[in-house]
Amino acid sequence: MKKFILNLAEVQELVAHNSYTVSEKQKFLSRCIDGRYENSSDLPALGIPGGDLGDLAIIAAAGNEFGFEVNLQKTSDTLIEFVGGVGNFSFHTDSHAVKNLAAGGCGHIKLITTENEAYKVTKEQAESIKKTAQELKEKGANEVVLHGDHMEGAVLVVRGDYGIKPQYELQTDEGGIKKVQVFIFHRTLVDSRHKELSQKLIENKAVKLFENQDAEYLYEVLSEETDNHLFETARHLAKNLRIFEVNFKNNGEYEVKEVGIV
Ligand SMILES: [Zn+2]
C-alpha cells in the first residue's frame, strides 16, 4: 500500500473528526508519536517519541548534554510513580517484531540504539533502556503491540487540551475511501508533564543538579532534548512529510497551520 500524503484541507478534516477531550486522570499517560495506534476512546493523548521509554532516553540525554548526573534506575522508578504505577508505564512494539525481532519494534527506540550519538546517549544507556523495557514488561508494564506498516502521511504538533486519534478514512474525489495515519506529537501535554516531572526527579534524587540549578532549569533542558529527539526521529521516519501545527482553544475550536517540511 502506498503512503497517502495529507494536505492542509485533509489534515483539517482529520482533526475535525478525530479530536477528543483529555481527562485529568489520563493527561500524563503517554503513547509514541507512531500513527499505527488504533483509534480508541481511552487512547492517551500525550504523543512523545518512544512513549515513557522515550522519555527515559530524553532525561538521560539531557544529563549527558548539560553535564548533570542521571540515575536511570531512579528515573524509571520516578516515571512509574508519576504515571500511577507500572501498569501505566507505556511503550510499544509491533507485530513485525513479534514475528522477527530484527524487523520491527518502536522505530524511535531502535534508532536510539543504532544512532546513539545523535540522540546524546551512550551505548550503555541505550542498552539499559531496552533492558528496562524488558524488566518492566515482566512486571506488568503496558507494552502495546501495533499492527501493519507505517502509513503516516503528515506530522501533527498539537497545542491545547485536546487529543487527536491518529487514523482516519478519507473520502477520495473518486468516491472511494483512503485509510490515512499521522504522526502526533503533543507539545502542551509533554511540556506540562515535564514541568511536574522535573520537580519529582529532583525530589527523588534521580538527577543531581548543580547548586544554582532548579526544577525550572531541568524543565528547560528536557524541552530542548525532547526537540532534539523528535527532530532526529522525524528525519528518519517522517522524511519529506509536511508538519502541521494544530492549536486548540479551550472551547475545542482549533486552527491548523502548515509550518514546514521534515
Ligand atoms: Zn514508537
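**A loop residue, a sheet and two helix pairs**

Author: Asn240 lies in the loop between α8 (215-237) and β12. Please bear in mind that this is a predicted model.

Reader: Is Asn240 buried or exposed?

Author: Asn240 counts as exposed, because it has 7 C-beta neighbours inside 10 Å, and the cut-off for exposed is 12 or fewer.

Reader: Which residues does Asn240 touch, not counting those up to four places away in sequence?

Author: On that basis, Asn240 touches Ile261 and Val262.

Reader: And how far apart are Asn240 and Ser40 in space?

Author: They are 28 Å apart, C-alpha to C-alpha, with a separation of 200 residues in sequence.

Reader: Let us turn to the sheet. In what order do the five strands run?

Author: The order is β9-β10-β7-β12-β13, in an open sheet with mixed pairing. At the edges are β9 (167-171) and β13 (254-261), each of which pairs on one side only. On average, neighbouring strands of this sheet are turned by 35 degrees against each other, direction ignored.

Reader: In which sense do β12 and β13 pair?

Author: Strand β12, residues 242-248, pairs with β13 in the antiparallel sense, over seven bridges. Within that topic, Val246 has Val256 in β13 as its bridge partner.

Reader: Which helix lies across these strands?

Author: Helix α1, residues 8-18, lies across β7 (152-159), β9, β10 (177-186), β12 and β13. Its direction is at about 140 degrees to β13.

Reader: Now the helix pairs. At what angle do α2 and α3 pack?

Author: Helix α2 (residues 51-66) and helix α3 (residues 72-83) pack at about 135 degrees, and their axes are 10 Å apart. The two helices are therefore oblique to each other. The crossing of α2 past α3 is right-handed.

Reader: Which residues meet there?

Author: From α2, Asp52, Asp55, Leu56, Ile59 and Ala60 meet Leu72, Thr75, Ser76, Leu79 and Val83 of α3. By class, that contact has six nonpolar, two polar and two charged residues.

Reader: What about α5 and α8, at what angle do they pack?

Author: Helix α5, residues 107-114, packs against α8 at about 105 degrees, with the axes 10 Å apart. That angle makes α5 roughly perpendicular to α8.

Reader: Which residues form the contact, and how many are charged?

Author: Gly107, His108 and Leu111 in α5 meet Glu232, Thr233, His236 and Leu237 in α8. The contact has one charged residue, along with two nonpolar and four polar ones.

Key: Residues numbered from 1 in each chain as written. Predicted model: local features only at pLDDT ≥ 70, side-chain atom pairs only at ≥ 80, totals over all residues. Pairing = 2+ DSSP bridges. Helix = DSSP H or I, 4+ residues; strand = E, 2+ residues; numbered from the N terminus. Axes fitted to C-alpha atoms, helices over the stretch in contact; angles between N-to-C directions. Contact = placed C-beta atoms within 7 Å. Parallel < 35°, antiparallel > 145°, perpendicular 65-115°, else oblique. Left-handed = near helix turned anticlockwise from the far one by under 90°. Nonpolar A, V, L, I, M, F, W, Y, C, P; charged D, E, K, R; others polar. Buried ≥ 20, exposed ≤ 12 C-beta atoms within 10 Å, placed from the backbone.
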